[in-house]
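Subject: Structure for you, with notes on what was found

Dear colleague,

I am passing on the structure we spoke about, together with its sequence. Please have it open while you read the notes below.

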Amino acid sequence: MSTVPAGFRQLKDQQIQPYLHETIVVPDELQSNVLVTTLDKVYNWSRKSSMWPLLFGLACCAIEMIATAASRYDLSRFGMEVMRPSPRQSDLMIVSGTVTKKMVPAIVRIYNQMAEPRYVLSMGACATGGGPFKEGYNVVSGIDKYIPVDVYVPGCPPTPEALMYGILKLHEKVERQSITTVAWYRKDQSEFVPVPRLGPDIFDPRQVELIKEHTLKAAAAPEAGQKKRSAEAAGGAASEGPREISSKAKQRMEEARRRHQAKQQA
């Protein structure tokens, strides 16, 4: 049996608090083995010490993520050495690399398949804001426009040390949470993220009302301007309607058509 460290008893006597009930007595043989803590502290400690990342890489940042799990950096020190290939067995999604519009629906679908509690780490400049490809027609300027991000790791690409620092910051965030306030333990608080639709451009269903407002307003503006110009031209009277083309204009159009046909036949 291990001996009690020197000064442990004195330190414990300084931190001891009187029990709320006089009949509660801790035996002497258990004085060095009993710890009092909160449920949040134990629960958060267990979650941050066994957080399993999702094996999901997009571009060059994925190489740095793989290097983090190698022997030189040893991510297993934090209980995170197993990168799960299934979203249903993962707690942390590391979005590492350039996010294209074609890939966003797959990312959101995988995020919805992850069991709660779930977290997202945006790794690199491309995943955070588009990076050097931000002005491209096929690159999303930030994955946080579609799924909630907990930690951002800057860099192009970030080093394995930067990724581990971001993971430690995520651990600190987990330690500050309480099971009484987090969304996944409250009714009607866990939000399902709609999967964006890929057509001529990426379409987020959550923005449908905003899109309707702007498109209808833009469509109504030319009609209102046309009516105003017609009213001003007619002095407030109704529009005259379409006018018939004159015979001279028709003759000029017919001559131009003949010249065009003659050039094609030649």
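This is a predicted model: local features need pLDDT of at least 70, side-chain atom pairs count only at pLDDT 80 or more; totals for chains, interfaces and linings use all residues.

Residues are numbered from 1 along each chain as its sequence is written, and side-chain values use heavy atoms, with hydrogens and water left out.

Overall fold

The secondary structure comes to eight helices and six strands, where helices (H or I, at least four residues) and strands (E, at least two) are DSSP runs numbered from the N terminus. Along the sequence these elements follow the pattern α-α-β-α-β-α-β-α-β-α-β-β-α-α. Of the 266 residues in the chain, 27% count as buried; buried here means under 20% relative accessible area, exposed means over 50%, and partly exposed lies in between, with a 1.4 Å probe and protein chains only. Among the contacts with a separation of 6 or more, 74% come from residues 24 or more positions apart, a contact being heavy atoms within 4.5 Å.

In helix α3, the buried residues are Cys61, Ala62, Met65 and Thr68. Seen down the axis of α3, these residues fall within an arc of 110 degrees, so they line one face of the helix; the arc is taken from the directions that run from the helix axis to the C-beta atoms. The cover over the buried residues of α3 includes β2, β3 and α6.

Helix α3 (residues 61-68) packs against helix α6 (residues 160-175) at an angle of about 75 degrees, with the axes 9 Å apart. For this value, axes are lines fitted to C-alpha atoms, for helices over the stretch in contact, and angles run from 0 to 180 degrees between N-to-C directions. The two helices, α3 and α6, are therefore roughly perpendicular to each other, a label given to angles of 65 to 115 degrees, whereas those under 35 count as roughly parallel, those over 145 as roughly antiparallel and the rest as oblique. On the α3 side the contact is made by Glu64, Met65, Ala67 and Thr68, and on the α6 side by Pro160, Leu163 and Met164.

In helix α4 (residues 104-113), Val104, Pro105, Ile107, Val108, Tyr111 and Asn112 are buried. Viewed down the axis of α4, the buried residues fall within an arc of 160 degrees, so they line one face of the helix. What covers them includes β2 (92-96), β3 (119-123) and β6 (202-203).

Charges over rings

Tyr111 also takes part in a charge-ring arrangement, with Arg118 lying over its face at 4.2 Å from the ring centre. A charge sits over a ring if NZ of Lys or CZ of Arg is within 6 Å of the ring centre and within 35 degrees of the ring normal.

Backbone details

The peptide bond from Glu116 to Pro117 is cis, with omega near 0 degrees, and Pro117 is found in the loop between α4 and β3. The bond from Cys156 to Pro157 is cis as well, with omega near -10 degrees, and Pro157 is placed in the loop between β4 (151-153) and α6. Asp74, in the loop between α3 and β2, has a positive phi of about 55 degrees although it is not a glycine, and Asp74 is partly exposed, with a relative accessible area of 29%.

Two single residues

Phe203 lies in strand β6 and counts as partly exposed, at 27% relative accessibility. The C-alpha atoms of Phe203 and Pro105 are separated by 9.8 Å, although these residues are 98 residues apart along the chain. Beyond its neighbours within four places in sequence, Phe203 is in contact with Pro196, Arg197, Val208 and Ile211.
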